[in-house]
Amino acid sequence: MLINSHVKRFLVSQFKLNSKLITTSRARTTAAAQTTSSEDIKHLDTTDPSVNYKGNYDIIIAGGGMVGCTLACALAKHKLLSNLKVLLLESSPSKKTEISQEYSNRVVALNQNTKSLMQSLNIWKHVEKIRLQPVRYMQVWDASSDAMISFSSAELLDDDVAYIVENDVLLHAVNTELHATHNDNVNILYNAKIAGYQLPTGTEKSNKSIVKMANGDTYTCQLLVSTH
């Protein structure tokens, strides 16, 4: 299936991803990916026995953190996009997240739009079961003047201004829902470290991106998204 502009609009609108990230995937990569010569993977012969070709995907998501996993979950649940073949590349090993009783200082601030997205994917209920801290008043001031602006939940129809959620809690919630989706079209590859990639130049017959892994495996895809 060819990936069209509808998918890109979905990624930009739902996840606020820069369109350049979707088309070029030039976000932060490993040192190996930065130094790998594009000539090494420019021409891929899938019939060559020396090429450990693992298959083609509609979308490959590089990065299995909060954004990558949420994107995979959204694609798996979307009625128009759930039939796409998706590969999520996670560099860490597969492990169960243990939520400590002590609060972590690694947190994210989530606004109402993010909450709405999480609710639409049934992720938010997992966050609420663990813990979060609503922000009901916020004041921002300038260090060199008396300028000030404040936000209050009373001004937002008694809805919270934002929510402070620990990284581990949010990632656990996203992964819980992602694995509960049971969409066979979405595959997760752990311990997956990218050695290099080649994007289509427009001058080749194939319009696919090529992703070469550190272990020698090679994948192709219609759309490569970096979520680092």
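## Trp124 and Tyr163

In this predicted model, Trp124 and Tyr163 are both buried. A pair of aromatic rings is described by the distance of the centres and the angle of the planes.

## Tyr57 and Tyr219

A search of the whole structure identifies two aromatic pairs. Tyr57 and Tyr219 form a pair that is tilted, because their ring centres lie 6.1 Å apart with the planes at 55 degrees. Strand E1 (residues 52–62) contains Tyr57 and strand E11 (residues 217–226) contains Tyr219; the pair therefore ties together parts that are 162 residues apart in sequence. Tyr57 and Tyr219 are each buried.

## Charges over rings

Tyr57 also has a charged neighbour: Lys85 lies over the face of the Tyr57 ring, at 4.7 Å from its centre. Arg131 is placed over the face of Tyr103, at 4.5 Å from the ring centre.

## Helix H7

Helix H7 spans residues 167–181, a run of 15 residues. From the first C-alpha to the last, H7 reaches 21 Å, close to the 21 Å expected at 1.5 Å a residue. Buried residues in H7 include Asn167, Val169, Leu170 and Ala173, as well as Val174, Asn175, Glu177 and Leu178. Just after H7, His182 adopts a positive phi of about 55 degrees.

Key:
Residues numbered from 1 in each chain as written. Predicted model: local features only at pLDDT ≥ 70, side-chain atom pairs only at ≥ 80, totals over all residues. Heavy atoms only, no water. Phe/Tyr/Trp six-rings, centres within 6.5 Å; stacked < 30°, edge-to-face > 60°. Helix = DSSP H or I, 4+ residues; strand = E, 2+ residues; numbered from the N terminus. Buried < 20%, exposed > 50% of the residue type's maximum accessible area, 1.4 Å probe, protein only. Lys NZ or Arg CZ within 6 Å of the ring centre and 35° of its normal. Expected span 1.5 Å × (residues − 1).
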